[in-house]
Each structure stands twice: as C-alpha cells, then as structure tokens.
Amino acid sequence: MRRIRILTAVAATSVMILAGCGTADPEPTTPAPGGSGGALAPVKLQLQWFFQAQFAGYIAAVDQGFYKEQGLDVELLEGGVDIVPQTVLAQGKADYAVAWVPKALASREQGAGITDVGQIFGRSGTYQVAWKDSGITKAADLKGKKVGNWGFGNEYELFAGMTKAGLDPGKDVTLVQQQFDMQALLKKEIDAAQAMSYNEYAQLLEAKNPATGKLYTADDFSIIDWKNEGSSMLQDAVWANTEKLDDPAYQQQTIKFLTGTIQGWAFCRDNAEKCRDLVVAKGSKLGKSHQLWQTNETNKLIWPAPGGIGVIDEAAWKQTVDISMTTKNQTGDTVLTKAPEGLAFTNDYINQAITAAKAAGVDVNGTSFQPTTVTLTEGGA
C-alpha cells in the first residue's frame with residue numbers, strides 16, 4: 001500500500017477553492033422578523049455531509065416549525081464529498097454552515113471569514129477500529145500496521161494520537177486511503193480503519209460474519225477512542241459569517257437560528273424514533289435501524305450539556321487548537337501554523353439563544369439524558 005499525502009493535498013485544494021472568495025458577490029442580509037408573524041426571513045444552512053441523523057436536529061427544527069417560530073424559513077443544503085461547508089459560507093452562498101472545528105480553522109487561516117457561534121457536538125465521535133484478535137487497543141499498537149483514514153481533514157485526531165504515543169505518522173505506519181465505508185477492514189486489507197461512532201462503526205455491526213452466518217458484534221472488534229487517548233478535537237459546530245456579525249440584523253438572525261436549532265436537537269433527544277423517521281423521509285440512503293443508531297449516538301455527543309447545548313468549552317477549544325498547531329502529518333505539516341486570530345469563536349449568541357430556549361420551556365442541558373439500546377439489522381435496514 002502506498003503512502004499518501006493527505007493533508008498537503010487537501011490544503012492545496014482548500015487554497016485553490018478559497019482563492020475565488022474575493023470575487024464572490026456578497027448576498028444581502030435580510031433582517032429576521034421578530035416572531036412567527038409577518039414574512040419569514042430566508043436562511044440557508046450548508047450541512048457537512050449527505051442527509052443523515054448527524055443533522056437530525058436541523059431537520060427536526062425545519063419539520064417541527066421551530067425555525068418558523070423564530071421567523072426564519074431555513075433551507076438545508078446537503079453536503080457531499082466535494083463540498084467544503086466553510087468555503088460555501090465564506091463565499092456568501094450560505095448564511096451558516098456545519099463543519100468540524102480543525103477543518104474550519106484551517107480554512108480560516110487561509111482567509112475564510114467565519115466564526116464558531118455554536119458548538120453543537122461537545123464530544124468527538126471518531127474511532128479507529130481493529131479486529132479484536134489484532135491486539136490493537138491503543139494508538140501505540142498501530143506501529144508497523146496498515147492504517148486506514150479518509151483524509152480531507154478527518155485524520156487529524158489519528159495523527160495527534162499517534163504522535164502522542166511516540167509514533168511518526170510518516171515512518172512508523174503505512175497510511176492507506178480509506179473509502180467512506182468499512183470494506184477494507186472487513187476484507188482485512190488494512191489493520192485499523194477510521195470510523196465515526198454514529199456511522200461507519202455501525203456498518204461493521206450490520207455486516208454478516210461469513211463464518212457464523214450471523215451479524216458481527218462489538219466483541220469482534222476493538223476500538224481506539226480518541227477521547228480516551230487525549231487527542232480528540234471539536235467537531236460539528238455552527239459557523240457564521242464573521243463580517244456579517246457586525247450587522248445587528250444578522251446578529252439577531254443568528255440568535256434566532258440558534259434558538260430554533262437548540263429546540264430541534266432537544267426534540268431529537270426526547271423523540272429519537274420520530275427524528276429517525278424524519279431523516280429517512282428526508283431521503284437518506286441509510287436504513288431505519290442505522291438511522292436510529294445514528295440518532296442515539298449523535299445524542300451522546302451532545303447530551304448531557306452541562307454548560308448548555310452549543311456553548312464552546314474553552315478547554316476543549318484550546319486542546320483542539322494546540323493539537324492543530326503541534327501535530328505533524330507524514331510530510332511534516334501541521335493543521336495550523338499559528339493560533340487563530342480575530343473572532344474565531346464566541347459564546348455571545350448561543351448564550352442568548354439558550355436564554356430564549358429556556359424561557360420557552362426547553363431543557364438545554366439534558367442532564368437526565370440516557371441513551372437507548374438500538375438493535376441493528378443486516379445492512380442497517
């Protein structure tokens with residue numbers, strides 16, 4: 001398996017994309033109405049990936065009318081392999097975007113004028129998964145192994161974990177470009193595969209073991225959870241246009257958008273099966289049991305939220321930034337060359353949204369949240 005230059009290639013692509021930002025015509029800001037009466041203000045949210053339960057809270061906020069109650073007509077823009085949400089936002093083609101923090105900060109360093117205004121996922125959901133009999137249980141065990149990862153900025157926690165364990169990603173492992181599935185691990189073409197707790201890991205448990213004719217179970221695999229390795233980084237956040245945040249109308253729209261978003265995620269916390277159905281109806285290509293698993297696992301990344309859903313924890317932010325500046329990839333590059341400058345994040349708007357949501361009777365902390373047990377079926381149907 002050949003070694004690949006993931007980070008360098010992605011950075012070059014991002015620079016090329018962002019080079020056109022200066023020529024984009026900015027879209028006019030539409031003031032948000034004060035409530036459900038009157039015309040609704042159109043808002044576009046760029047998602048990070050295809051429709052799936054990773055975005056259930058936004059889908060529910062549209063379907064249940066939470067955004068409309070805030071005077072907003074929100075359109076969800078589906079993501080994909082070739083879509084960089086923070087770039088879409090920076091180019092003025094969306095009003096807000098959902099993106100992982102390290103990816104967005106890399107784009108920001110290259111010129112994207114964006115600000116994290118709501119850290120919806122308070123925890124990382126990234127795993128590195130291996131077969132149980134491989135003996136791989138921690139980052140140090142990856143030495144000499146074929147290690148799969150997707151690239152496109154998804155590999156930062158992996159590199160940080162290996163670096164912390166004393167491994168050189170450019171010398172001590174063979175990096176393999178992994179598809180967005182788990183086939184390479186199932187076929188034993190690689191020793192460890194990247195997986196999200198809410199998606200690809202479930203795909204393993206939805207696959208049939210040819211030796212038994214039954215589905216694989218968690219006992220067949222071992223997991224490296226980057227939260228346990230101390231190299232986890234902040235993931236799904238709501239990003240706003242930094243320049244537009246100088247506009248009082250956009251400020252108010254941001255508060256209203258975040259208020260509706262809080263309501264959507266609280267609804268999915270309390271109505272996982274209903275949100276599963278909303279996601280499936282939205283056109284997800286993944287099945288009902290898979291989407292219920294994903295809703296449940298996504299809820300774990302949000303709830304409980306001791307400081308309130310979406311509030312940016314400064315210690316977690318600092319860890320993400322420190323890793324981004326100090327962890328090198330296989331070619332010696334880091335995600336960031338310096339600490340973020342300017343308004344990289346703010347809790348001002350999410351705190352006001354939390355106040356508004358609480359006034360409407362919404363539980364913004366989810367202290368009593370308990371995940372459910374989801375039974376997966378073959379293929380996630």
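Helices (H or I, at least four residues) and strands (E, at least two) are DSSP runs, numbered from the N terminus. Cys268, for instance, lies in helix α10. The structure you see here is a predicted model, where local features need pLDDT of at least 70 and side-chain atom pairs count only at pLDDT 80 or more, while totals for chains, interfaces and linings use all residues. Residues are numbered from 1 along each chain as its sequence is written, and side-chain values use heavy atoms, with hydrogens and water left out.

- Start with Cys268, which counts as buried at 0% relative accessibility (buried means under 20% relative accessible area, exposed over 50%, partly exposed in between, with a 1.4 Å probe and protein chains only).
- Leaving aside neighbours within four places in sequence, Cys268 is in contact (heavy atoms within 4.5 Å) with Ala56, Gly57, Ala60, Cys275, Thr295 and Asn299.
- Ala192 is 76 residues from Cys268 along the chain, and their C-alpha atoms are separated by 32 Å.
- Of the 23 residues of α10, 19 are buried, so this helix is largely enclosed by the rest of the structure.
- The end C-alpha atoms of α10 are 33 Å apart, which agrees with the 33 Å that its 23 residues should span at 1.5 Å a residue (the expected span is 1.5 Å times one less than the number of residues).
- At the start of α10, a side-chain oxygen of Asp247 reaches to within 2.9 Å of the backbone nitrogen of Ala249. This is a polar contact, meaning a pair of N or O atoms within 3.5 Å; within protein, one must be able to donate a hydrogen and the other to accept it, and residues adjacent in sequence count only if both atoms are side-chain atoms.

**Nonpolar cores**

- A nonpolar core is a set of buried Ala, Val, Leu, Ile, Met, Phe, Trp, Tyr and Cys residues joined through side-chain atoms within 4.5 Å.
- In soluble globular proteins, nonpolar side chains tend to be buried together.
- The largest core here has 55 residues, and those with the most contacts inside it are Tyr58, Phe257, Ile262, Trp265 and Ile309.
- Helix α10 (residues 248-270) gives the largest share of this core, nine residues.
- Beyond its neighbours within four places in sequence, Ile262 is in contact with Ile309, Ile350, Ala353, Ile354, Ala357, Val362 and Val364.
- Another core, of 23 residues, lies apart from the largest one and includes Ile190, Ala207, Leu292 and Val374.

**Aromatic rings**

- There are 17 aromatic pairs in the structure. Rings of Phe, Tyr and Trp (its six-membered ring) pair if their centres lie within 6.5 Å; planes under 30 degrees apart count as stacked, over 60 as edge-to-face and the rest as tilted.
- Trp49 and Phe50 make an edge-to-face pair, 4.9 Å centre to centre with 65° between the planes.
- Tyr216 and Phe221 also form an edge-to-face pair, at 5.7 Å centre to centre and 65° between the planes.
- Both Tyr216 and Phe221 are buried, whereas Phe50 is partly exposed, with a relative accessible area of 35%.
- Trp49, Phe50, Trp150, Phe152 and Phe180 are linked into a cluster by ring pairs.
- A charge sits over a ring if NZ of Lys or CZ of Arg is within 6 Å of the ring centre and within 35 degrees of the ring normal. The charged end of Lys285 sits over the ring of Phe50, 5.7 Å from its centre, and Lys282 lies over the face of Phe51, at 5.0 Å from the ring centre.

- Gln194 lies in strand β8 (residues 192-196) and counts as buried at 1% relative accessibility.
- The Gln194 side chain reaches the backbone nitrogen of Trp150 at 3.0 Å and the backbone oxygen of Asn154 at 2.5 Å.

**Backbone details**

- Phe152 is in the loop between β6 (146-149) and α6 (156-164), where its phi is near 55°, a positive value in a residue other than glycine. Phe152 counts as partly exposed, at 42% relative accessibility.
- Lys188, in the loop between α7 (183-186) and β8, has a positive phi near 60° and counts as exposed at 56% relative accessibility.
- The peptide bond from Trp303 to Pro304 is cis, with omega near -5°, and Pro304 is found in the loop between α12 (288-302) and α13 (314-326).
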